[in-house]
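Subject: Structure handover

Hello,

Here is the structure I said I would pass on. Please look through it first; my notes on what was found follow below.

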Amino acid sequence: MEIVRVILDRTNPELEKKPADDDDREELETNEWWKTKKWAIRILYRMFERYGSPGGVTKEYRDFSMWYLTSFSAGALQVVFKIMDSYRKGNFVSDKVMRDGLLYFKVSQGEAEASCRNYNQMRKL
């Protein structure tokens, strides 16, 4: 999982410049650099979607889910925020990378809300 985070954390200023026209944009979208980032963020999103919630996994994956949440999810979230911040600053980010980054936020935010609700319910008991 660390390799996924490292791939997403890498920068390439030449390939992150805002394209001048649509042809340049299409060329950047199909560049290996962005394809690699697309697959890395897709893996990150799918792993969190499947294993990010200890209450939503089978017993055999519960330990991995807990490890993922405690050891890896904070670093992964920082990298996704870094990608979104790069886009906010006007740099190019592939549409597919943006889509999967936003999906990661959606899934992880839903888990955080559920955890807070569960925690508050437990405190009432």
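The axes behind them are lines fitted to C-alpha atoms, for helices over the stretch in contact, and the angles run from 0 to 180 degrees between N-to-C directions. Helices (H or I, at least four residues) and strands (E, at least two) are DSSP runs, numbered from the N terminus.

This is a predicted model, in which local features need pLDDT of at least 70 and side-chain atom pairs count only at pLDDT 80 or more, while totals for chains, interfaces and linings use all residues. Residues are numbered from 1 along each chain as its sequence is written, and side-chain values use heavy atoms, with hydrogens and water left out.

**Helix α1 against α3**

Helix α1 covers residues 2-9 and helix α3 residues 32-51; their axes come within 9 Å and cross at roughly 135 degrees. The two helices are therefore oblique to each other. α1 passes α3 in a left-handed crossing (left-handed if the near helix is turned anticlockwise from the far one by less than a right angle, right-handed if clockwise). On the α1 side, V4, I7 and L8 make the contact, meeting T36, K37, A40, I41, I43 and L44 in α3; contact means heavy atoms within 4.5 Å. The residues of this contact divide into seven nonpolar, one polar and one charged. Here Ala, Val, Leu, Ile, Met, Phe, Trp, Tyr, Cys and Pro count as nonpolar, Asp, Glu, Lys and Arg as charged, and the others, Gly among them, as polar.

**Helix α1 against α4**

The axes of α1 and α4 also come within 9 Å, and cross at roughly 20 degrees. α1 and α4 are therefore roughly parallel to each other. This crossing of α1 past α4 is left-handed. E2, R5, L8 and D9 in α1 meet F72, G75, A76, V79, K82 and I83 in α4. Of the residues in this contact, five are nonpolar, one is polar and four are charged.

**Salt bridges**

How many salt bridges does a search of the whole structure find? There are eight, a salt bridge being a side-chain nitrogen of Lys or Arg within 4 Å of a carboxyl oxygen of Asp or Glu.

One of them joins R5 and D9, with the closest N and O atoms 3.8 Å apart. Both residues lie in helix α1, four residues apart, about one turn of the helix. R5 is partly exposed at 21% relative accessibility, and D9 is partly exposed at 28% (buried means under 20% relative accessible area, exposed over 50%, partly exposed in between, with a 1.4 Å probe and protein chains only).

D9 also forms a salt bridge with K82, the closest N and O atoms being 2.8 Å apart. D9 lies in α1 and K82 in helix α4 (residues 62-88), so this pair ties together parts that are 73 residues apart in sequence. K82 is partly exposed, at 38% relative accessibility.

Within helix α3, R46 and E49 are three residues apart, about one helical turn. Their side chains meet in a salt bridge of 2.2 Å, N to O.

Regards

Terms used:
Parallel < 35°, antiparallel > 145°, perpendicular 65-115°, else oblique.
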